[in-house]
Amino acid sequence: MSAIDHAPDPLETYSYLGPAGTFTEAALKQVPEARGKSWRSVNNVGEALADVVAGRSVAAMIAIENSIDGGVSATQDALANVPGLRIVGEYLVKVDFVLVARPGTRLDDVKVVNAHPVAYAQTRLWLEKALPDHGHLPATSNVAAAAALLPPVGAGEVVGGLADAAIAPPGIIEHYPLEVLADGIGDNPNAVTRFVLVGRVSAVPPATGSDKTSIIAELPDDRAGGLLDMLEQFATRGINMSLLESRPIGDALGRYRFVIDLDGHILDERVADALLGLKRFSPNVIFLGSYPRADRREVTVTPRYDNQAFVEARDWLRGLVAGEPEQL
């Protein structure tokens, strides 16, 4: 059988930020459709989304928000600039860390710690208390920080040799011959990272009653009250925003786009009406998708904002236009 016969089927391949053992892989493990399929480890968000656009993968798992640090800017910017993508699901992963080192290393021996900048920020208090004189080497991922402690297999992996220990996810020793010097070193025991599964544009799935809609929108100009005008599109329709973050567009100072998560589905009357209003207002609206919430919490609204209220209002207007007698 030729080599091409062994190539993974793109329709059964999922991309994720690797290598094995990352929090992103833990999120992908939650996807029923991905079980038993081919998983493609990539180096960054851009590469993961490029796999989807190019058809090398059916979907990619990427981190989009952290309960400690907020939105992941690299992901938000990539979703704003790569067309043809849809978020099809979200997944939550509890975040905690361990300090690992080469066998035989003691905590007192640690002078330099290799860590991804986000992981380092989330363990800073513990590190300053346990290792007050330590230095920090940044890593490309939490697992890469641990792997770099081992003898290098390529010229690009020698930096970790300068470190004595690394911050990594729990369970890392299942993948690498390292020892845990300390566990539970995260500064916030409630830290959670939100991941989204991103595929190519397709028909919107049915509403479940427990949904979230993600969009990116730009203001038409830089003026007083512009942001308020945009937010009123949601407030006047009773739509809660679970995320609102600004990112520079990059073409001029003072130009921003806004990443917004809405409670509800595009097929909900209030959400659809708000998006129509937003489209009339904003020069660029990017619909990222409507998908089930990770916590499966039902979205509730007051009666004047439910679907029936919008249907009755439209029927009332139709009756006025048709000259039908008003019901008292």
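Where does S41 lie? S41 lies in strand β2, residues 38-42. Helices and strands here are DSSP runs, numbered from the N terminus; a helix is H or I with at least four residues, and a strand is E with at least two.

Before I go on, a word on the model. It is a predicted model, with residues numbered from 1 along each chain as its sequence is written. Local features need pLDDT of at least 70, side-chain atom pairs count only at pLDDT 80 or more, totals for chains, interfaces and linings use all residues, and side-chain values use heavy atoms, with hydrogens and water left out.

Now confidence. pLDDT is the predictor's confidence in each residue, from 0 to 100. The protein chain has a mean pLDDT of 90. In the chain, 94% of residues reach 70 or more. Over residues 1-5 the pLDDT is below 50. Beyond near neighbours in sequence, that stretch has one contact in the model. A contact means heavy atoms within 4.5 Å. Residues 155-159 also have pLDDT below 50. Beyond near neighbours in sequence, residues 155-159 have four contacts. Where pLDDT is low, the predicted coordinates should not be read in detail.

Next, the whole chain. There are nine helices and 15 strands. The C-alpha trace spans about 90 × 55 × 40 Å along its principal axes. Of the 328 residues, 42% are buried. Buried means under 20% relative accessible area, exposed means over 50%, and partly exposed is in between, with a 1.4 Å probe and protein chains only. Take the contacts with a separation of 6 or more: residues 24 or more positions apart account for 77% of them.

Back to S41. At 38% relative accessibility, S41 counts as partly exposed. Leaving out residues up to four places away in sequence, S41 touches Y16, G18 and P19. What joins G18 and P19? A cis peptide bond, with omega about 5 degrees. P19 is in the loop between β1 and α1. T22 is in the loop between β1 (13-17) and α1 (23-28). T22 is buried, at 6% relative accessible area. With residues up to four places away not counted, T22 touches Y16, L17 and V143.

On to helix α2, residues 45-54. Its buried residues are V45, A48, L49, D51 and V52. They cover an arc of only 145 degrees around the axis, so they sit on the same side of α2. The arc is that of the directions from the helix axis to the C-beta atoms. An α-helix has 3.6 residues a turn, so residues three or four places apart point the same way. What do the buried residues of α2 pack against? They pack against β1, β2, β3 (59-66), α3 (73-81), β5 (85-94) and β11 (192-200).

Helix α7 is next, residues 226-235. G226, M230, L231, Q233 and F234 are its buried residues. Seen down the axis, they fall within an arc of 135 degrees, so they line one face of α7. The face turned away from the buried side carries the exposed residues L228 and A235. The buried residues of α7 pack against β12 (211-218), β13 (241-248), β14 (256-263) and α8 (269-281).

Let's look at the helix pairs. The axes of α7 and α8 come within 8 Å and cross at roughly 155 degrees. Axes are lines fitted to C-alpha atoms, for helices over the stretch in contact, and angles run from 0 to 180 degrees between N-to-C directions. The two helices are therefore roughly antiparallel. Angles under 35 degrees count as roughly parallel, over 145 as roughly antiparallel, 65 to 115 as roughly perpendicular and the rest as oblique. From α7, the contact uses G226, D229, M230, Q233 and F234. From α8, it uses A274, G277, L278 and F281.

The axes of α8 and α9 (residues 307-322) also come within 8 Å, crossing at roughly 60 degrees. That makes α8 oblique to α9. E269, R270 and D273 of α8 meet N307, F310, V311 and R314 of α9.

One last residue. R296 is in the loop between β15 (285-292) and α9. Its phi is positive, about 60 degrees, although R296 is not a glycine. Is R296 buried or exposed? R296 is exposed, with a relative accessible area of 55%.
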